[in-house]
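Trainee: I would like to check how the terms are applied in this model. Please set each value against its definition.

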Amino acid sequence: MAKQQRILVVDDSATIRTTIRKELEAGGYLVDEAADGISALAKATGQETPDCITLDVEMPRLDGFATCRKLREPRYARFFAHHPGGQVPVIFVTGLDNLDGRVKGFQLGATDFIAKPFNRGEILSAVDRVLRPESIYQHMTALVVDDSLLIRNIVGQCLQKFGLTVLEAADGREAMALLGGHTSSIDIVITDFNMPEVNGDQLCRHLRSELGMRHVPVLFLTAADEQDTIIDLFKAGATDYVTKPFVQEELEARVRVHLEARKLFSQLFDEVRTRKKAEEELLAQAGELQRLNEKLQDQAVKDGLTGLYNHRHFQEELQRAFGLARRHGQELSCILTDLDHFKQVNDTFGHPFGDFVLKGFSKILQKMARKTDTVARYGGEEFVLLLPNTSVQGAMILADRIRKSAGDHLYDDGTNSRKVTASMGIASLKANAPQEARDLLEFADQALYRSKKEGRNRVTLYEAGNGQDPD
């Protein structure tokens, strides 16, 4: 009988530790707890070492990143020599989930990130992916090409969760040499665009024209300042792209889309050779493939909890709308809103009720917005509305209507009930003259900060010099 695996749950909130413990114990794991990093180090290196650690980032005495760094030091790492790679898997659980934090975490050897507030079953799924990995793509192989070892490691970890065999190359020339003996076994290529020796577009052309890999998906990793080259990438034969720095979940969703498509097409071609009605079956399966692709594409741009657009899609829409407004001399306004004292809601009533509030507030936003507006969950309890052809006065009116509607709404799930107010910050193109799209969002964020600082449950228009304090 296999030994029951042990998880160490580290968080300074007893409520969160209890929530995670119950979920993991229901999944068949043994669970130990620690309230801070120092206690975590003591328990992790005790008589019963954990097979995996869930680690809060913000903690007193020793935060999550510092704790993870110490776990990688030789005096602590020796306790985990029996683990693959000699490191205990660490899953960060954080209320401040951002790209800089993820990069820092992955540099420390993190396995995954979970954002607070998390959904029911999300922690268990993350632990299962580490300790009971899926093998849905175990007979498929990916080639990862990037001159950054960190990026290759992050991408490789994402792919290995699904059971893929991962081959690596540090640049296009090395990839070409490697492909000489593996063209028939490669199922997906993920490559950086800007590399020494041979660029990503040169590599892609070589795959398509010289190696005959016309049907193998090629996914590019591009920096934000390389957006003008996207058309050239598709001309070179690119299938898709992800902008760096990327969110791990986005990469996984896009890889799934293309691997599912490749699996389905492989099945289709096998059936063509063995069935007389191959053409009819191919058309039927292709229709199913299209529906699957549409569903997965929708998942890639939507927030899983609220159904609103996600952070990445909003950033793309912001760039597009800002460029159009500037080009045609039109107005563009942005409302950034945050639910007040939301941590108290989670701490008092639990995360399931917190999720109930987030979904309810999302419905208020969708009801108030026009079809031409973009409504997105920006992160945690923060939401954003992008309003084309809307003056600052119009944005103020809409924001105040949302604020009043949110403040009057009673969130009641049959067990708990509570009213939750919202604070708003507004910026607009003509009133505030931002030079870049990101400035418009930054101005709205500074105005939101002002609303919070001045008592919450209010709407504030950005004014130069009245933003966030420098420190």
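Mentor: Start with Asp 11, which touches Ile 16, Arg 17, Ala 34, Ala 35, Asp 56, Met 59 and Lys 116, leaving aside residues up to four places away in sequence; contact means heavy atoms within 4.5 Å. The model is predicted, so local features need pLDDT of at least 70, side-chain atom pairs count only at pLDDT 80 or more, and totals for chains, interfaces and linings use all residues. Residues are numbered from 1 along each chain as its sequence is written, and side-chain values use heavy atoms, with hydrogens and water left out.

Trainee: Why is Asp 11 called buried?

Mentor: Its relative accessible area is 0%. Buried means under 20%, exposed over 50% and partly exposed in between, with a 1.4 Å probe and protein chains only, so Asp 11 is buried.

Trainee: What makes the pair Asp 11 and Lys 116 a polar contact?

Mentor: Their side chains are joined at 2.9 Å. A polar contact is a pair of N or O atoms within 3.5 Å; within protein, one must be able to donate a hydrogen and the other to accept it, and residues adjacent in sequence count only if both atoms are side-chain atoms.

Trainee: Why does Tyr 137 count as buried?

Mentor: Tyr 137 has 0% relative accessibility, so the term buried applies. The C-alpha atoms of Tyr 137 and Glu 260 are 9.1 Å apart, although 123 residues separate them along the chain.

Trainee: Where does Tyr 137 lie?

Mentor: Tyr 137 is in the loop between helix H6 (122–131) and strand S6 (141–145); helices (H or I, at least four residues) and strands (E, at least two) are DSSP runs, numbered from the N terminus.
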